[in-house]
Amino acid sequence: MIVWLPSLLFAASFVVVSGTYADCEDDDISPFNATMPSSDVFIEYTSSQVEKEYIVTFKGYYTFRAVQRYVASALRKADGVSWRFLPRTNPATDYPTDFALIQLGNNAPKGVEALKGHRLVKRVTPQRMVTRTIHSRESRGIPVPCREGDTPCWTLNWKSRRTARHSSGVSLAEPEDSFLTRKLLRAVPRQVTSALQADILWSMGYSGKGIKVAIFDTGLPSNHPHFKKVKDRSNWTDEKTLDDELGHGTFVAGVVASTSDCLGFAPDAELHVFRVFTNNQVSYTSWFLDAFNYAILKRIDVLNLSIGGPDFMDLPFVEKVWELTANGIIMVSAIGNDGPLYGTLNNPADQMDVIGVGGINFEDKIARFSSRGMTTWELPFGYGRVKPDIVSYGSGVRGSGLKGGCRSLSGTSVASPVVAGAIALLYSAVSHRSGVINPASMKQSLMASAHRLQDVNMFEQGHGKLDLLRAYHVLNTYKPQASLSPSYLDMTECPYMWPFCSQPIYYGAMPLTVNVTILNGMGVTGHLLGKPTWHPYTPQHGNHIDVAFNYSAELWPWSGYLAVHISVLKSAADFDGVAQGHVALTIVSPSQGDEKEKRMSSVKFPIRVKVIPTPPRRKRILWDQYHNLRYPPGYFPRDNLKMKNDPLDWNADHVHTNFRDLYIHLRNNGYYVEVLGSPLTCFDAANYGTLILVDSEEEYFPEEALKLKKDVNELGLSVVIFADWYNTQVMQKIKFYDENTRQWWMPDTGGANIPALNFLLEPWDIVLSDNVYEGEFSFADRSVYYASGTSIAQFPREGIVVFQKLKDQGHEVLKSAIKKVDNIPIMGLYQTQTNSGGRIAVYGDSNCLDSSHMQRDCFWLLDALLQYTAHANLPDEFSHLENQQHRLFLPLKQGKPKRMEGIVFSIKPPCTTVKERVDSHLSRYSKVLASNLGEQKLLPLPPCPQLAWAKPKPLNVSAPSNLYKQQKLLSIGLNVHPDIANRHDAVDSREVVWNNPVPLPGGDGSDDIGTPFPLFGFVAFALVFGGLVYHMRFGRKKGGGSKRRRVGTQP
């Protein structure tokens, strides 16, 4: 896919993002074959700011001349600021625009402030440059460490690019390993269109006719033999050509609309080809903004974006995406090629109004490269949403070659045009119902008709595999309505409902949060009528749980959110069982056309939760999420300095994303893991045995340090810390150099914020150093890899310290020389010296817990540390330490590691403000620090979250045994379309059950929907037949004034 973008909450960051994406090539027709093997091709997409160039976004659309006047008027007030307009020569220049592109000279910040002060200016943001680079991979699937000769290189020279790790975009994705190496259970189809049965819709006369499809990519050659309806080719780059010289745009267009050889889904669709990348694989934000505006003017129906990246905070881009969908354009985007790691969703596919597509192979298995959920926008305060929306074929798919013929590629940027082409075909098949087709209704229908894959969770498959024919049936019977994603919560349904099904809830736990997406097919805007209501089912113990809500004040465009918080009542502290009920809400949208009343749709969110008695304290772990920072918006470097190809920490450090494997291990060992998304002042230490701090980048409030001291010394809370490297000289050494903007970008902290951890550990005289170490060693008969970790500089005399021989990686980075050092203190165990005090365990590296770049896990080590913190006994792995009397005091030989900003903290608030600053932007992204006129200070401690629990409205009813099978979309007729019924025998070697009710998004499209038992079917048939006979014999004798009702219409 390509790589890119957005967010709603923060300003764009001054950071270079780097990454790779990939669509991997599988045959010999590739234009790249002359220089490199196809299996080793991959593409990087990343972006950075362009020096002194700014996008000025206005509150409305104006002519170019008017825009120039407004900018000039604003900058007249900024004395001493030089500036000029930058020309934009493209088809959009003939139309009104909502932004200007300018270059500021001297005193650019003053000019930016002057522009922001103009009454018509909405926002001023830096211009961004995107670069795509083709590489060969030295080791498939494994990042290649940076080396220069025999010495590792540490200074990163990057061209401006937009994304992060394996970003998909115009990406030639990495091959699906299992697809290439495993014997297939069935033959790979020559045509992806055949696999999805597009030929059935073609035989009915539907082929995409009249549908306008936009392809944003690398262009398309003129007179290509595969395309017969190229309506428009436009160039948005600074090159004077419309042609595709790279091949990716041609391939994507072929999957959508090729008419020969490797067939596309909608061969008669009107193709509008937008060339937004140069032959040097470069693009700019402003090019996309102009091209998006032009797509709106051209009234495009479907737009394919094989682009993506982790930067969800680029507001100009994300707001333009909202504007596109608000204008009725159905946007389809690749979810990313960063799998199998969780928390790797790419933007804009992770947005609620965009159809995000993941990839599967032809065995209907999730492709290894396909990114996994959850979304990470909402962290640390909330919880992520379900994405992808659906999955489709993206491994070994055949499409158009650059000069004709076919080639095979893999990646979610391949799966994206598969879905976009299918949507164009579906749109043409239901064009008579165009009044109800919009981005929300199309998304609802695709999700409702999708085939749920077995043994795959919601963060891998979304609502399931695209089912083209069933989607056609749903669209033909669709009634404008609201729906939910996910449509229900069932904590007893594994694995689909992972992680919710992985851990029961209990009294005293942090509230369980489910982030539900509201899709509004009734209109682009809407709102909730009143508040959601909670209806516990009395016979099914619903009275044992409390429910609270947060929700969107306005649903726009086409969507919003509903956060459902669930907690167990004190009266159920000893309850062991299942509690059920449902949440009810009503969505209202403006009337359409000749309608006199507003549109309304009521939906239910069924809830089934597993409740257990409160576990013992020693088994309860609290994971600190609040103090983890990640990209975007700041440059937070990876924890392993050798990972040059993936330098940014962007997976959120959550137990359900890049620490998922660790979470599963802890659950399997009987621990209960809760997540703290607020300061350390917001939990009751008496409830937990151990607080775990892993890879913390954020600062700590003085109040947090004071509370933790009391929690440990007086309440018996234990603390386990897995730290990481920190060294200001190393941070300066690994800064990014952007060759295009010729600027250096400095990390905002190290792998962890060691000065902040030292501040927290100060009451126990524990100090971590700013030395950086790396290497392998054996401990407790296990092999351990220490990847870019810190060491212990000071530890209490009563503690136990573990030493190992390691390489001084800091010396290696700074001096380009290898140096091995004996007796490096890497781990310490300490029993506090108060009567009821807890224990503290510190280890200098977290890479062995993090699945992002894990070479060898150390879950066993955490098990041993938890045994120590819970029982105050040295585990068997550490028994030899006590015998060898490795108890000693490590004197502090040098000063504590300093912060880049020179912040001085005190254990007693208030804290001092900052006196100096050294090129770090941590305060821009921190929840603890603030910056005002160059001076940094602490923010006030935020209040702890307080939920307003809904007043229950009990119902004396029972829920069905299977929540999933009971859900369906409302429709105006659920009968099988006669054209499909007549062609049922034409379906290729698979059975499609058309008589089953269509499930609500998340529903299955096959026999999983709950095929009725033969007895029930017979009884139903007898009743219907009897009713018809009675009506024919006696119904006509009565008055005939009653209105006819179409069969299947909802009353």
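This is a predicted model: local features need pLDDT of at least 70, side-chain atom pairs count only at pLDDT 80 or more; totals for chains, interfaces and linings use all residues.

**Strands, helices and how they pair**

Q: Which residue is the bridge partner of glutamine 831 in S40?
A: The partner of glutamine 831 is arginine 839, which belongs to S40.

Q: And how many bridges join strand S38 to strand S39?
A: Strand S38, covering residues 800–808, is joined by seven bridges to strand S39, covering residues 820–831, and the two strands run antiparallel. Lysine 807 has lysine 820 of S39 standing opposite.

Q: Switching topic, how do helix H10 and helix H12 pack?
A: Two packed helices are described by the angle between their axes and the distance between the axes. For helix H10 (residues 439–449) and helix H12 (residues 468–476), the angle is about 130° and the axes are 8 Å apart.

Q: So what do we call that, parallel or oblique?
A: H10 and H12 are oblique to each other, because angles over 145 degrees would be needed to count as roughly antiparallel, and those from 65 to 115 count as roughly perpendicular. The crossing of H10 and H12 is right-handed.

Q: Which residues meet there?
A: From H10 come Ser441, Met442, Ser445, Leu446 and Ser449, and they meet Arg470, Ala471, Val474 and Leu475 of H12. Sorted by class, this contact of H10 with H12 has five nonpolar residues, three polar ones and one charged one.

Q: What does H10 lie across?
A: H10 lies across S19 and S21, and runs at about 120° to S21.

Q: In what order do the strands of that open sheet come?
A: The open sheet has four strands in the order S19-S21-S25-S24, with antiparallel pairing. Strand S19 (482–485) and strand S24 (545–551) stand at the edges with a single partner strand each, so one side of each has no neighbour in the sheet. On average, and ignoring direction, neighbouring strands of this sheet are turned by 30° against each other.

Q: How many bridges join S21 to S25?
A: Eight bridges join strand S21 (residues 512–520) to strand S25 (residues 559–568), and these strands run antiparallel. Threonine 513 stands opposite histidine 565 in S25.

Notes. Residues are numbered from 1 along each chain as its sequence is written. Side-chain values use heavy atoms; hydrogens and water are left out. Two strands pair if DSSP finds at least two bridges between them. Axes are lines fitted to C-alpha atoms, for helices over the stretch in contact, and angles run from 0 to 180 degrees between N-to-C directions. Angles under 35 degrees count as roughly parallel, over 145 as roughly antiparallel, 65 to 115 as roughly perpendicular and the rest as oblique. A crossing is left-handed if the near helix is turned anticlockwise from the far one by less than a right angle, and right-handed if clockwise. Contact means heavy atoms within 4.5 Å. Ala, Val, Leu, Ile, Met, Phe, Trp, Tyr, Cys and Pro count as nonpolar, Asp, Glu, Lys and Arg as charged, and the others, Gly among them, as polar.
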